[in-house]
Structures are given as structure tokens and as C-alpha cells.
There are 2 protein chains.
Amino acid sequence: MSASPRTPAMDGPELRPVPGGVTAPAGFRSAALHCGIKVAAPDLMLLAGDGPLTAAAIFTTNLVRAAPVLVSGEHLAATAGQARALLINSGCANACTGEDGMRDARQSAAAVAEALGCRAEAVLLASTGVIGVALKMPALLSGIPTAVRQLARDRGDEAAGAIMTTDTVPKQAAVTVDAGSGSFTVGGMAKGAGMIEPHMATMLGVLTTDAGIAAPLLRRALVEAASESFNAITIDGDTSTNDSLFALASAASGVVIDESRYPLFVRALTDVARDLALAIVRDGEGATKVVAVRVRGAAQQEDARAIARTVAGSLLVKTAVHGGDPNWGRILAAAGRAGVAFDPARASVRVGDVLLFERGRPHDDAAPLAAVHLRNTDVDIEVDLGEPDGAEATIWTCDLSADYVRINAEYRT
Amino acid sequence: MSASPRTPAMDGPELRPVPGGVTAPAGFRSAALHCGIKVAAPDLMLLAGDGPLTAAAIFTTNLVRAAPVLVSGEHLAATAGQARALLINSGCANACTGEDGMRDARQSAAAVAEALGCRAEAVLLASTGVIGVALKMPALLSGIPTAVRQLARDRGDEAAGAIMTTDTVPKQAAVTVDAGSGSFTVGGMAKGAGMIEPHMATMLGVLTTDAGIAAPLLRRALVEAASESFNAITIDGDTSTNDSLFALASAASGVVIDESRYPLFVRALTDVARDLALAIVRDGEGATKVVAVRVRGAAQQEDARAIARTVAGSLLVKTAVHGGDPNWGRILAAAGRAGVAFDPARASVRVGDVLLFERGRPHDDAAPLAAVHLRNTDVDIEVDLGEPDGAEATIWTCDLSADYVRINAEYRT
């Protein structure tokens with residue numbers, strides 16, 4: 001197990017990384033511009049299909065949901081998973097804005113629909129930025145016709161840039177895969193845990209493909225891919241009002257995903273999603289290391305995931321990793337409070353390849369060796385609960401640095 | 001609700017703060033010395049009753065429990081809540097030490113019992129310090145007879161000092177209360193979240209009283225008091241292998257706690273426990289502020305507590321408080337991910353007395369006023385879920401500073 005973003009080789013065709021992001025698959029065009037929500041930087045992104053798209057989405061589990069999340073959910077329900085375009089603005093989350101915010105979101109979708117000549121329900125929305133502040137609608141509405149005019153296949157890089165808030169780098173990825181009779185491509189972009197300018201983090205992810213796939217199957221694939229990527233990372237445990245992950249399929253490759261090709265499609269979708277999710281972790285506020293916390297030997301996968309999540313979320317573990325301290329005691333103690341039953345006398349803890357705690361007994365003399373592993377930017381922690389052929393799960397996180405605190409303690413104004 | 005440690009005045013007699021800690025109540029003596037576990041500082045504390053004591057304890061919920069926790073639990077079960085003494089060492093947690101650690105703990109209790117002339121099961125134990133390392137038994141055993149010889153009523157301050165690890169101040173408190181026919185005293189000491197020298201935090205608390213009380217009633221009172229004190233604070237969400245809270249009653253005051261006096265006793269016990277618990281928060285690593293997070297208007301108290309705990313645990317909230325930013329968006333978003341159903345459109349958020357979000361609508365213009373409140377060292381945050389006459393709960397925490405990270409990232413050796 002490694003913090004490397006690539007999915008391990010499995011049976012089946014190779015996934016070939018290709019340049020670009022959301023417009024790497026055929027049938028998509030994008031535009032990005034500055035409409036006036038932010039002071040100067042790009043703040044509006046439009047992604048459109050050349051024709052109708054199949055669509056699926058996963059939204060924040062937070063009870064407090066932003067207007068674009070609510071409207072996108074309504075639209076996907078109304079169309080049963082069809083869409084034509086996705087509009088994303090940065091600089092304003094349109095969250096906690098009440099009925100006015102809902103009206104603004106609906107008006108944004110209607111403006112895109114009018115410019116593209118589709119129904120309003122075919123337009124999906126996402127926003128990221130300051131909470132509790134109204135969208136600057138004149139600016140946003142003025143930008144939409146321009147964005148539609150500028151839609152182009154070669155503007156994917158700009159799209160990934162326009163959705164950034166305090167991300168330090170744009171995040172995109174794409175792979176092409178040979179499906180026997182033809183090949184298809186999966187692309188994507190994401191923005192991560194930039195929480196300083198807005199009131200909180202917003203995680204946005206957009207996955208595109210030129211494979212043809214029915215909406216229910218696309219949704220199933222998205223949920224599977226997310227569980228091994230966007231839902232398997234944690235920066236600081238906070239969940240935003242705006243978190244959204246979209247999947248859009250154009251069918252432009254001519255390759256149709258049926259049940260027999262489904263595993264291959266999920267593998268490609270997961271690969272791109274994991275690449276983006278790990279880029280978010282790597283770009284976490286103040287982060288200097290990516291930490292893969294793997295739990296194995298569990299009675300069931302849910303147990304492994306719960307323990308991995310608790311270890312990955314432990315401030316004591318994250319600060320120890322930051323300081324280069326192979327502190328297996330903190331790792332074991334975090335595992336012990338995850339609410340999952342296991343026998344500490346059968347448990348083992350590894351940092352890198354170094355065994356520090358073996359079936360109930362410390363090997364603290366190996367700590368200096370483990371400290372060497374912690375100098376890497378990609379760090380591996382493993383907790384083995386001792387069940388032979390048990391279940392396993394991995395959660396990725398970053399270390400916790402004094403810079404995280406500095407960034408998030410700064411006053412907004 | 002304020003972060004002030006004092007329980008609000010209620011019907012009934014006044015609680016009068018008195019000097020001292022665990023030996024403030026009659027019938028207790030303590031000793032503290034350096035036996036050689038630490039390099040130079042006091043590392044051994046013995047607290048003994050002049051005669052038999054009633055005893056109760058609450059231990060860590062962590063699955064990984066240190067040997068002294070396991071042995072103390074066995075002893076309390078064997079005696080049905082009777083004890084004569086409590087031995088605490090600092091500098092070594094005797095955790096993750098396997099069967100050898102259990103043997104060492106049992107031998108420590110036997111040595112105290114021999115010196116005091118009681119049965120081994122009447123000796124309770126706690127340890128705090130480095131994990132995964134064996135107790136220095138020759139040092140510890142050599143210290144026990146000396147400690148027994150030095151037992152004195154006026155050595156409570158030294159006891160509170162000897163259980164410290166990286167605490168910056170000793171923590172003790174005591175109150176006397178008039179029970180009509182005579183008065184009784186409750187005293188206590190605690191050590192807190194000093195996690196740098198050991199691998200992790202250990203929270204230890206010891207409450208003493210000269211009231212007479214049956215073991216089952218003492219246990220009930222301890223659970224009640226803890227739920228409003230030690231179990232209502234969070235520094236960083238990590239739970240140690242050694243957390244222990246003891247209550248010991250000598251009956252030396254002649255006041256017997258029956259059902260009619262029980263509420264008064266719980267009030268006094270809670271008052272001292274809360275005083276100590278808030279002292280732990282105030283002395284949290286890198287902490288500069290104590291934050292009282294109160295949730296009201298909930299359907300039931302468990303809901304209020306879950307939301308208060310999530311808000312108090314949010315890194316984004318804790319860093320915002322540290323930076324003096326009245327960031328109600330982060331507070332609301334943390335409430336929204338607590339797993340409790342509520343209607344955001346009915347919710348309100350206050351920082352100090354300043355209303356920043358009222359039944360679904362932001363009052364962001366009031367933020368500068370709320371920022372003034374955040375300059376205090378005692379900060380109040382309130383989330384009202386909007387249920388009239390709803391349930392409420394308060395959780396206390398500290399802010400998260402860059403110093404916390406610095407302290408916990410330092411390499412142990």
C-alpha cells in the first residue's frame with residue numbers, strides 16, 4: 001500500500017494517463033472567465049456537452065445545504081439524470097442565503113439554459129466561496145452569454161483554474177482505456193480544502209467521460225468511485241455546505257458501458273477520482289505530507305474504514321507525522337476509540353515497512369528506522385487487527401502543521 | 001451560559017470555596033516524592049484514607065486500556081467499591097505493556113497494601129507518562145514505604161504537583177457545604193492534556209469527600225458529575241489509554257449522604273469536578289481561550305450534546321476562535337454534520353450576546369461586534385435549534401493554536 005495516486009494494476013486493460021481534464025473526453029467544451037464576483041481572478045466556469053449528457057451527482061451530507069446543491073438535486077430528479085451543462089462560480093458559496101439564494105440559483109440556471117437553448121432543469125450548479133453573502137447576480141448574468149460564446153474543447157485547464165479558491169494548484173486528471181471495440185476516456189477536475197477566503201472548505205469534483213452509460217449505472221459507478229476516493233480522504237473532518245461531485249457522460253466515444261464493461265469503467269472513474277482526491281489532500285492547507293492510513297485484518301470493511309478514519313482524523317497522529325515522530329502509541333490509541341471492537345493483544349502497527357507494535361508488544365527500538373520513513377512526503381501507516389484474511393480499507397489524509405492553524409485563524413476581513 | 005467554572009446558584013445551601021484539594025476533606029492524607037521514574041521531578045503520589053474509604057471510578061472508553069486501569073477496575077469489582085489508598089505515578093503510563101505491565105501494576109498495589117496494612121484489592125492505581133515502556137519497578141517499590149511514612153494532611157498541594165506531566169499549573173479545588181446538621185467538604189485534583197512527553201494525553205481526576213456515602217450512590221453521583229464536567233470537555237478529541245476519574249469518601253465529617261441530601265452532594269461534586277475540568281481546558285496545549293459551546297432548543301438533550309460536541313471539536317471553529325473571527329458559517333456547518341436532524345431555517349447562532357444568524361438569515365453586519373467578544377479569554381458560542389422549551393447542553397473546549405501543533409509535533413527523543 002502506498003500513498004501513490006495510481007490504482008494498483010489489476011486484470012484487464014491498462015489505464016493510460018492523458019493530458020487535460022474535463023474536456024479530455026470527447027463531447028465536452030468549457031469556458032472560464034472573470035465576471036466580477038471576485039475582485040480580479042477567474043470566478044465563472046461553464047462546462048457543456050455538445051449534446052445531451054447523462055448525469056449523476058453526490059452532494060454534501062451536511063444538513064445545511066447551499067442553494068446550488070438544492071437546485072442541482074431538484075434538476076437531477078426532474079430529468080432522471082440528464083443534463084446539458086454545469087455552471088460553477090467561485091467567490092461566493094450562495095449558502096445560508098434563504099429564499100433569495102434559491103431564486104438566484106434558479107435564475108442562473110435559467111440564464112444558461114436560455115443561452116444554450118436547453119431546458120433549465122438540464123443545467124447543474126455549484127458554488128464555492130464566502131457563505132451568507134448573496135451572489136452578485138448582475139455580474140454573474142453578464143458573464144453567462146460570454147461563457148457560452150467562448151465554449152471550447154481546449155479550455156479545460158482554464159476551467160480547473162476558475163473553480164479554485166485558495167487551492168495553490170489546479171487539479172485535473174484524465175485516463176484513456178481500451179475497451180476492446182474502441183476506447184473511452186475519463187477526465188476530471190476538482191477543487192479542495194481552501195477554507196480561508198470562504199468561511200469553510202468546499203470540495204468540488206467534476207468527472208466527465210465520453211463513454212455512453214445509462215443514468216442509474218452512472219450513479220452507481222460514481223458512488224463506488226467516490227467511496228475509494230473523495231469519500232476516503234479527510235483534511236480536518238469538516239464537511240461543507242457546498243460539497244458536490246458530478247459525473248457527466250457524453251457517449252461521444254461510441255463505447256457503451258453495459259454490465260460487462262462496468263468494472264472497467266468503475267476502475268477508470270475511480271482512478272481519475274482518486275488522483276484528484278489525493279491532489280486535494282496534497283494541497284490541504286498547511287499540508288506537507290500525504291498519509292495513507294490502511295487498516296487490515298478487520299472483521300468487516302466498515303470496521304476497517306471506521307478505524308482508518310479515526311486514525312486519519314486524530315490531531316495527535318497528524319501532528320506526530322508532521323514532526324516526524326513514529327508515535328505508534330497515538331496510532332493505537334486512536335484505533336482504540338473508533339468504536340470498533342478488536343483485541344489490542346492481536347493488533348500490530350507499522351509505519352512504512354517498520355513494525356513498531358506486534359500483536360500486543362512494542363518494538364520501540366525500531367522507532368528511529370520508522371522516523372526515516374516519515375521524512376518522505378508520502379507516508380504509510382498500517383494497523384493490522386490480526387484477523388487472517390480480514391477486511392481492509394484505506395483513508396488518505398495530510399499532516400497537521402502550524403501553517404494550517406495560521407491560515408484558518410486569519411480574520412476574514 | 002458562561003465559561004465561568006462556578007455552578008450557577010440554585011436553591012439550597014451555598015457552596016463555599018475553601019483552600020486545598022484532595023486533602024481538604026477530613027480523613028485523607030497524601031504524600032508526593034521523586035522515586036526515580038522521571039529524571040528529577042516528583043513522580044509518585046500516594047493518597048490514603050485514615051480508615052476505609054468508599055470508592056468509585058470512571059475509566060477511559062478506549063479499547064486499549066493501560067494496566068493500572070485494568071487492575072483498578074478489578075479491585076473495585078472485588079471490593080464492591082471499598083478502598084484504602086490510591087497510588088499514582090507520572091513519567092510512565094504502563095500502557096501497551098502486556099502481561100509484564102499487569103504484573104508490575106499488581107506488584108505496586110501489593111507493596112502499598114503491605115506498607116499500609118490493608119488488602120491489595122483496597123489499593124487503586126493510575127499511571128501517566130510514556131506508553132509502551134515498562135515501569136521502573138525498583139524505583140517505584142523503593143518510593144512506596146517512604147510515601148507511606150510521609151503521609152500528611154497538609155501535603156495536598158504536593159500531590160497535585162506530583163501527578164503533572166506537561167501541565168503548566170497544578171489543578172485542585174475544594175468546596176465546603178452546610179448540610180443542615182453539620183457540613184461536609186468535597187476536594188479534588190486533576191492533571192490534563194499534557195501530551196508531549198508521554199505519547200498522548202492522560203486525563204486523571206481524583207475527587208475526595210468527608211461525607212459518608214454508600215458505594216452505589218457514590219458511583220451514581222460520580223457519573224452525574226462527570227457528565228457535566230470531565231465528560232463535557234474536549235481538547236482535541238483524542239482519548240487516552242489511561243484516563244481515570246476516582247471518587248473517594250471518608251465519612252469523617254459525620255454527614256451521611258442519603259437520598260434527601262443526594263442532590264446537594266451531586267451539586268458540590270459537580271462544582272469541584274467542573275472547576276478541575278475547566279482548569280484542564282484552560283491549560284490545554286497551546287490554548288489561549290476557553291470556549292463554552294451551548295446548544296439549546298434541541299428535541300432532546302442527547303441531540304444538544306452531540307451538536308455541541310461536534311462544534312467544539314471542529315478545527316475550523318477552534319482556529320476561527322483563535323484568530324478572533326466570529327465565523328458563524330463554520331459554527332453552523334459543524335452543527336449540520338453532527339448527525340442530528342434540525343431545520344437550519346429555524347436555527348440561530350450567537351457569539352457572546354451577538355446574534356449572527358437568526359432563524360435562517362445572516363446578520364453578518366454584526367460580526368465586528370462579535371469579534372470584540374472573541375478578544376476575551378472566556379468565549380461563549382450558542383446554537384439555538386429553535387425548539388421552544390427544547391433541551392440544552394454545554395461542552396467546553398479551547399481554541400486551536402499554532403503552539404498546539406508545535407508542542408505535539410516535537411519528536412519525543
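**Notebook: chains A and B of a predicted model**

I began with burial and found that buried residues account for 64% of the 413 residues in chain A. I note at the outset that this is a predicted model.

**Entry on chain A as a whole**

I looked up the secondary structure and found 11 helices and 16 strands in chain A. I then took the radius of gyration of chain A, which is 22 Å; the globule rule gives 22 Å for 413 residues, so chain A is as compact as a globular protein of that length. Along the principal axes, I recorded that the C-alpha atoms of chain A fill a box of roughly 70 × 55 × 35 Å. I also looked at contacts in chain A between residues at least 6 apart in sequence, and 80% of these join residues at least 24 apart.

**Entry on the domains of chain A**

I found chain A divided into domain 1, covering 15–282, and domain 2, covering 290–409. Taken over C-alpha atoms, the centres of the two domains of chain A are separated by 33 Å. To their contact, domain 1 of chain A brings 10 residues and domain 2 of chain A brings 11 residues. On the side of domain 1 that touches domain 2, I listed β9 (233–234) and α6 (262–282) of chain A as the elements giving two or more residues. Of these, α6(A) gives the most, with 3 residues. By class, I noted 7 nonpolar, 2 polar and 1 charged on this side of domain 1 of chain A.

**Entry on the contact between the chains**

I turned next to the two chains, where 51 residues from chain A and 51 residues from chain B form the contact. The most comes from α9(B), with 6 residues. I recorded the classes on this side of chain B as 21 nonpolar, 20 polar and 10 charged residues.

**Entry on strand β3 of chain B**

I examined strand β3 (residues 44–59) of chain B and found 12 of its 16 residues buried, so the strand is largely enclosed by the rest of the structure. I then traced the pairings of β3(B). Strand β2 (residues 28–33) of chain B runs antiparallel to β3(B), joined by 6 bridges, and I saw B:L33 opposite B:L44 in β3(B). With strand β4 (residues 82–92) of chain B, β3(B) pairs in the antiparallel sense over 7 bridges; here B:A48 has B:A85 in β4(B) as its bridge partner. Strand β10 (residues 244–249) of chain B is likewise antiparallel to β3(B), with 6 bridges, and I noted B:S244 in β10(B) as the bridge partner of B:F59.

Terms used: Residues numbered from 1 in each chain as written. Chains lettered and ligands numbered in written order. Predicted model: local features only at pLDDT ≥ 70, side-chain atom pairs only at ≥ 80, totals over all residues. Contact = placed C-beta atoms within 7 Å. Helix = DSSP H or I, 4+ residues; strand = E, 2+ residues; numbered from the N terminus. Nonpolar A, V, L, I, M, F, W, Y, C, P; charged D, E, K, R; others polar. Domains from an automatic or database assignment. Rg over C-alpha atoms; globule rule 2.2 N^0.38 Å. Buried ≥ 20, exposed ≤ 12 C-beta atoms within 10 Å, placed from the backbone. Pairing = 2+ DSSP bridges.
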